[in-house]
Amino acid sequence: MTVNADSLFGLSVDEQTRLSKFMPAETPAREDGAVTARPVLPDHLAVFSEMPAYKQLQVHHAVARKMGILNPFFACHEGMAKSTTRIEGREFLNFSTYDYLDLNGHPKVCAAAEAAIRDYGTSAGASRLVSGERPPHRLLEKSIAELYESESALIFVSGHATNVSTLATILTAKDAVYHDALAHNSIIQGALLSGAQRYSYAHNDCDALEKLLLQTRARHQRAVIVSEGLFSMDGSVVDLPRLIELKKEFKAFLMIDEAHALGVLGATGKGSAEHFDLDPREVDIWMGTMSKTMCGCGGFIAGSESLIELLRFRAPGFVFSVGMSPPLAAASNAALACMREEPHRVKRLAELSAFFLREAKARGLDTGYAQGHGIVPVIVGSSLVAGLLGGYLFEREINVMPIIYPVVEEGMARLRFFLSAAHNEQQIRTVLDITAEELAKAREAAVSALSAEGERE
């Protein structure tokens, strides 16, 4: 029996084999060779609950319930999540906020958003290319360009889409992307979508990157080296001076994702370039998000006028998306102004971050690559231990999220603590004392659960 391959496009070999028995024994064709018979397809192919990915997710949920892991995800916060937050009427110490400089809810930020609502409503109404352009967009882009001393800037409605669309727009199959092994998912997805050859080098290992460039750079037309300024899972800082050297030697573009670096690195929060006292114009593409220090939502690219012009007319995530909500653009612009006007916030965050790192190490907690800049993971090893520990802390009214496989590799599961200028030292001591106490319990519980499971098998 012959099965029409076109009707099976996208199916696995196993699905094709199962499907063959449902196909007509003969497939009458017209004179032009086109198949005229309609295939008889099994119902499960159009049922989401039958998808392998969904079934795998349900297995994970079932295992978590069986192991007694409390699900801390999607908790509804009943107000602004600052150093503390309210969930179902209970007050929690909160270490899961991107509000690094404690600017969310700042009177100037709220006033800017309220004024924009009065003037422009809550929606841009259309793609900016069509008729969605509004003054707050231009003001925010001007501020971002000034911050990075670049010729121009462009804002997108999604931070993730900013990386994806930018890399997919500027690269082709003839090109190459060289990225840190711990680079954010959006960087990986953008590289894949571009069709360019993708090379991953060991975290912050510029010698390994140099070796890769020596071996492969000549095979490709253009190349982009991509890294995060401050790594979102590990709290480590990019080796920016060395990357600049390599990008110059190997005639590559350098793209730095400042999503977590802006407001955190540098004496006044300007990010990676200020942290290393470098000219920001040495970096070809600055990327960042408005959802952290800038108290809004979306992403941005800052760079040369030619880069921004290309993205403005060709980047799918910009061209085919509605313009950013004007109140969000206005709020982010106001937050950026507050950061520059109130540098004590940056200093306060730096002091608290360094204090957290010292205190965590003093309690024997594994902080991995963290350097004491806004983000400090406590690495516990197995996903089971991380899940149990996150649940135990939630029960003790501490909100901090476990990061487990496949977000990080198995064996590197962790709790990720975000620091804010809103925190104080006593809150940090309290949460670290409880974390150390509950971690011991979580490890014991994990051993017991796995032993019991092994006996049942």
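Let's start with strand S4, which is mostly covered, with five of its five residues buried. Buried means under 20% relative accessible area, exposed means over 50%, and partly exposed lies in between, using a 1.4 Å probe and protein chains only. Helices (H or I, at least four residues) and strands (E, at least two) are DSSP runs, numbered from the N terminus.

Some ground rules. This is a predicted model, where local features need pLDDT of at least 70 and side-chain atom pairs count only at pLDDT 80 or more, while totals for chains, interfaces and linings use all residues. Residues are numbered from 1 along each chain as its sequence is written, and side-chain values use heavy atoms, with hydrogens and water left out.

Back to S4. Which way do its side chains point? Ala 176, Tyr 178 and Asp 180 go one way. Val 177 and His 179 go the other, and all are buried. In general, side chains in a regular strand alternate between the two faces of the sheet.

Now the pairing. Two strands pair if DSSP finds at least two bridges between them. S4 pairs with S5 in the parallel sense, over five bridges. S4 also pairs with S6 in the parallel sense, over four bridges. Look at Tyr 178. Its bridge partner in S5 is Tyr 199, and its bridge partner in S6 is Ile 225.

Moving on from S6. Five bridges join S6 to S7, and the two run parallel. Val 226 stands opposite Met 255 in S7. Strand S7 spans residues 253–257, and four of its five residues are buried. Then three bridges join S7 to strand S8 (residues 285–289), again running parallel. There, Ile 256 stands opposite Trp 286 in S8.

How are these strands connected? S4, helix H7 (residues 185–194) and S5 make a right-handed β-α-β unit. S6, H9 and S7 make a right-handed one as well. Right-handed means that, with the strands pointing away from the viewer, the path from the first strand over the helix to the second runs clockwise.

Is Gln 189 buried or partly exposed? It counts as partly exposed, because its relative accessibility is 33%. Gln 189 touches His 160 and Val 164, not counting residues up to four places away in sequence. Contact here means heavy atoms within 4.5 Å.

Next, helix H8, residues 206–216. Its buried residues are Cys 206, Leu 209, Leu 212, Leu 213 and Thr 216. Seen down the axis of H8, they fall within an arc of 110 degrees, so they line one face of the helix. That arc is taken from the directions from the helix axis to the C-beta atoms. What covers them? The cover includes strand S4 (176–180), strand S5 (197–201), strand S6 (223–228) and helix H9 (240–249). The face of H8 turned away from the buried side carries the exposed residues Asp 207, Lys 211 and Leu 214.

Stay with Asp 207. At the start of H8, a side-chain oxygen of Asp 205 reaches to within 3.2 Å of the backbone nitrogen of Asp 207. The side chains of Asp 207 and Arg 242 are joined by a polar contact of 3.0 Å. A polar contact is a pair of N or O atoms within 3.5 Å; within protein, one must be able to donate a hydrogen and the other to accept it, and residues adjacent in sequence count only if both atoms are side-chain atoms.

Why does Arg 128 count as buried? Because its relative accessibility is 9%. Its side chain makes a polar contact of 2.7 Å with the side chain of Glu 141. Beyond four places in sequence, Arg 128 touches several residues, including His 137, Leu 154 and Phe 318.

Last, the cores. A nonpolar core is a set of buried Ala, Val, Leu, Ile, Met, Phe, Trp, Tyr and Cys residues joined through side-chain atoms within 4.5 Å. The largest has 91 residues. Those with the most contacts inside it are Phe 95, Ile 144, Tyr 178, Ile 225, Leu 243 and Phe 356. Helix H16 (residues 425–456) gives the largest share, eight residues. Apart from this core lies another, of 23 residues, among them Leu 154 and Ala 196.
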